[in-house]
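Trainee: I would like to take a close look at one part of this model with you, and then hear how you would read the rest. Could you walk me through it?

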Amino acid sequence: MGERIRSNLFGLAGVVLTAAWLFGAPAFAQQEAAADAEAEEMYAGMEKITIIARKRKESLQDVPIAVTALSGQSLSAQKIDDTLDIQFKVPNLSFGKTNFTGSNLRIRGIGTDIIGASGEPGVGVHVNTVPLTSSRIFEQEFYDVDSVEVLRGPQGTLFGRNSTGGSLNLSTRKPTDEYESSLEMAVGRHSSVNLNGSVNMPVHDRFRMRFAGMFHDRDGYLKNHHTDNLIDDRQLWSLRGSFQADVTENTTADLMVSYFREDDARSRIGKQLCKKDTSAAPFSLGCTNGTPGFESTNYHGTLPGILESTVLFGLGVAGLPVSPAAPAPLYPVASGLASVDANANSTNPPNLRAHDARIDPSYKADELLLTLDLRHELENLSLNWVSGYQNTTVDSRQDYTMARPSLAWTPTSVQALADTFGIPAIGNDGSGNATHLCLGEFGCNDRGFSQDRSKLDHTLISTELRVVSDYDGPLNFTGGAVYSYNSSATDYIVFFSGAEVVARVYAANDAAALSSTYDLDLRFFNNETKPAITNSFGLFGEGYYDLTDDTKLTLGVRYTYDRKSARARQNMLNSPRVLGGTGQKDPYIKFNKDWHAGTGRISVDHSFDFDFMDQSLVYGSISRGYKPGGFNPPAAAASSSAVNETFDQETIWAYEVGTKNRYCENRLQTNVSAFFYDYRDYQISKIVARTSVNENIDAYLWGLEAEFVAMPVDDVQLDLSIAYLGSRIRNSTSIDPVDPTAGDPSWTAVKNVTDSTSVIGSNQITSNAAAPTNTTLWHPAGGIAKNLDGREMPNTPDIQINIGGQYTWDTPWHAPLTGRINYYWQSEMFGRMFNEARDRIDTWSQADAILHYEDENESFYVDVWVKNFTDNDDITTHYLTDASSGNFTNVFILEPRTFGITVGTSF
């Protein structure tokens with residue numbers, strides 16, 4: 001299969017590249033007037049763009065790598081405010097938020113599909129060439145940016161270890177020798193206010209400073225019907241200071257210091273969806289494997305439902321203290337295990353921008369970032385010492401299910417808990433029974449509740465020494481060494497009423513629980529890592545040799561050594577005596593392991609010189625990328641045998657051909673590339689036994705990318721990018737958490753407390769019986785593995801298209817007025833590797849427009865703009881939660897229509 005795909009791909013690539021190479025010459029051959037300097041300056045896409053994709057300054061069209069570069073001027077002119085907007089300009093690039101406090105930047109289908117403190121992204125992110133493993137640049141808006149470069153394909157030499165998909169490189173503006181300043185203000189829909197500005201000060205002939213900042217505030221996009229508040233608002237600000245000193249005649253130092261802070265009610269998710277599983281307990285999984293919709297989760301298909309109504313209370317499960325007697329269930333039990341679904345009449349608002357949550361979310365984040373670039377110029381060599389320091393923290397809280405059970409607890413059971421176990425209770429049902437349990441910081445409630453908290457504290461120290469040559473001869477090179485230290489401490493906590501009540505019952509019920517050895521903090525779920533540490537060292541070198549005047553050879557090699565360690569544990573009901581635990585917190589599990597790999601790149605490029613072309617480059621490359629493995633977060637003690645301690649490193653072999661061309665006196669540009677990936681041990685995650693289980697799968701990926709830019713006349717600009725991406729998983733199997741029996745009728749999925757879902761031989765149970773206590777009847781692997789061969793990789797749409805155009809009018813007052821419109825569309829895809837109906841994400845699109853006026857002195861401008869003017873509320877990504885939560889789906893959606901006006905000045 002691999003050879004057939006490879007053969008067909010490169011056959012198709014040859015045809016497309018040849019057509020792209022020749023495209024446009026006949027159409028524009030009749031153009032007699034050359035584009036003058038003023039026209040080129042007016043259209044940033046056709047000017048000569050300088051990039052640092054190979055850690056040296058080069059022209060974009062001369063570098064044999066698939067790169068899209070956007071200058072700070074282009075970002076502003078096209079209203080590209082943040083990373084979310086960049087995906088609409090770069091072929092085969094996608095961006096989305098993840099379920100916890102991170103984000104997923106994907107290039108050519110490769111991104112971050114793992115969950116865990118020791119995991120790393122598949123796309124490298126660099127600020128001023130400093131590598132950042134966890135960065136807040138995805139949360140703040142761009143300001144005072146010099147350029148953004150997106151390198152597609154594995155960067156296994158210069159950028160190295162965790163750039164298997166590619167790299168996003170952001171460069172901030174450096175101080176200059178002239179006094180200048182700028183100020184911009186934007187107001188818009190949802191009471192949005194944006195401010196940003198900068199001031200540049202040459203203090204001395206040999207010392208310059210630049211200061212910049214931004215502030216953003218807006219109301220929320222989502223409505224919480226229960227609190228009657230708008231949520232998902234934003235309030236954030238950032239300050240940056242840049243300092244440049246000429247230490248000697250040949251030595252320059254650039255220091256950048258920035259601080260970012262956010263404190264608002266941002267929601268980590270957009271909406272929760274479910275196709276309810278109406279099966280009776282203990283056979284309900286909460287939500288089925290069908291396409292999720294605006295339904296509520298079956299409550300007795302969740303761990304809270306089990307604790308509050310069926311297993312612990314009223315059924316005398318082994319290990320439950322019998323003196324005094326166990327309390328009655330908080331929710332009614334019809335017979336045996338057939339409990340009442342507390343969510344039976346719950347309303348999940350049929351609107352992707354509406355919730356019915358008990359509490360509103362809160363989100364706090366900050367980041368301190370320093371980069372230092374010390375350069376010394378020799379006659380033909382540039383010596384660089386680049387170092388960075390980063391500390392970032394995040395603390396996010398929200399309602400876990402974004403909904404409330406429609407059924408209240410039984411007052412007689414509430415009163416019994418108050419009388420027998422001393423749990424405070426208030427209210428009166430008219431018969432003298434209390435209606436609300438009061439559980440510490442969560443207040444007094446009359447029904448089940450849950451909320452979660454996701455915390456991160458990350459520190460980075462990085463330093464790199466490199467040398468860059470600039471000889472007149474045929475050979476040049478870039479080489480160096482890099483060291484980085486990353487430390488990530490994480491906590492993911494879920495508080496819910498069932499665990500609160502159980503912990504308090506045991507504290508009052510068990511004499512040993514009253515001793516100092518019992519920890520009441522076990523009343524909630526906590527998966528924590530304190531911390532995960534990575535020490536990484538790399539040696540790299542890349543040489544460039546001119547085989548002829550027009551043909552160049554590039555050869556790069558790199559060796560990377562990674563040492564990782566971690567202390568992690570999962571605490572919850574696996575530790576109290578209810579499940580045979582010690583009544584104490586589980587000890588930390590310690591991990592230590594090394595990974596290493598050799599990677600590199602070889603490419604050949606040739607420049608053609610034809611009369612009908614201004615510039616033409618054709619290249620082919622083979623490259624190898626690597627990303628280290630890591631540790632799986634600990635699972636519940638009863639299920640730990642089903643979770644591997646570590647997951648393996650990734651490797652990729654990438655084959656690529658491409659061409660970069662300009663025609664018609666720089667009025668037409670066509671850049672096209674085709675690629676094929678042989679991916680081994682791609683890291684991918686699923687949730688099992690209340691923990692993230694990261695696995696490895698193999699896959700092929702292939703695709704074509706084409707970027708066209710045209711300026712047929714001075715006042716018109718057109719651009720088009722088309723990306724095709726195919727993928728097939730191979731030689732891989734995995735158990736689907738939401739379909740653990742894989743449709744095999746000889747096995748049945750049942751709920752239990754220890755690992756949330758077990759698979760048991762169907763002839764061993766009846767519809768009104770508990771799961772057998774004899775574990776020999778349980779499936780030894782925990783479920784039936786599905787064959788994934790031939791299925792698509794997650795989040796890999798087949799087609800992405802971006803179309804843009806602008807026209808500039810001359811006004812009577814000799815100042816240009818420019819109108820621009822952009823349209824982005826992508827095809828459907830799957831959000832998980834299982835490719836089931838519930839995993840399908842439909843096609844979606846976004847259209848934006850901007851009208852820009854600038855005075856003739858270029859000192860004042862006004863923009864009128866609209867984003868998503870069709871007001872689409874399409875789903876862009878999603879996340880399947882744990883079986884203990886009922887297998888609901890969290891989805892992430894486009895921002896709604898926004899519009900406003902921006903006024904800016906510079907002086």
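Predicted model: local features only at pLDDT ≥ 70, side-chain atom pairs only at ≥ 80, totals over all residues.

Let us step to helix α7, which spans residues 411–421. Its buried residues are Ser-413, Val-414, Gln-415, Leu-417 and Phe-421. An α-helix has 3.6 residues a turn, so residues three or four places apart point the same way. Just after α7 comes Gly-422, with a positive phi of about 75 degrees.

Next, the nonpolar interior. In soluble globular proteins, nonpolar side chains tend to be buried together. Here the largest nonpolar core has 26 residues, and Leu-75, Ile-86, Leu-105, Val-127 and Val-148 have the most contacts inside it. At least two residues of this core come from each of β4 (93–97), β5 (103–107), β6 (123–127), β8 (145–152) and β9 (166–172). Take Leu-105 as a guide: beyond its neighbours within four places in sequence, its contacts include Leu-93, Phe-95, Ile-110, Val-123, Val-125, Phe-138 and Leu-168. There is also a second, separate core of 22 residues, with Phe-100, Cys-287, Ala-357 and Val-502 among them.

The loop between β8 and β9 deserves a stop, as Thr-164 is found there. Thr-164 counts as buried because its relative accessible area is 0%, under the 20% limit. Its side chain makes a polar contact of 3.0 Å with that of Tyr-679. Leaving aside neighbours within four places in sequence, Thr-164 also touches residues including Ile-110, Gly-122, Pro-154, Tyr-626, Glu-650 and Ile-652.

Finally, the aromatic rings. A search of the whole structure turns up 17 aromatic pairs. Phe-211 and Phe-243 are one of these: the ring centres lie 5.6 Å apart and the planes are at 80 degrees, so the pair is edge-to-face. Phe-211 sits in strand β12 (residues 207–218) and Phe-243 in strand β15 (residues 234–246), so this pair links distant parts of the chain, 32 residues apart. Phe-211 is partly exposed at 32% relative accessible area, and Phe-243 is likewise partly exposed, at 23%.

Compare that with Phe-591 and Phe-631, a stacked pair with 4.8 Å from centre to centre and 25 degrees between the planes. Phe-591 is in strand β28 (residues 589–608) and Phe-631 in strand β30 (residues 630–631), so the pair ties together parts 40 residues apart in sequence. Here Phe-591 is buried at 4% relative accessibility, and Phe-631 is buried with a relative accessible area of 4%. Elsewhere, ring pairs join Phe-88, Tyr-824 and Trp-844 into a cluster.

The charged end of Arg-218 sits over the ring of Tyr-221, 3.6 Å from its centre, and that of Arg-569 sits over the ring of Tyr-588, at 4.1 Å from its centre.

Notes. Residues numbered from 1 in each chain as written. Heavy atoms only, no water. Phe/Tyr/Trp six-rings, centres within 6.5 Å; stacked < 30°, edge-to-face > 60°. Helix = DSSP H or I, 4+ residues; strand = E, 2+ residues; numbered from the N terminus. Buried < 20%, exposed > 50% of the residue type's maximum accessible area, 1.4 Å probe, protein only. Lys NZ or Arg CZ within 6 Å of the ring centre and 35° of its normal. Core = buried A, V, L, I, M, F, W, Y, C linked by side-chain atoms within 4.5 Å. Contact = heavy atoms within 4.5 Å. Polar contact = N/O pair within 3.5 Å; in protein donor to acceptor, adjacent residues only side chain to side chain.
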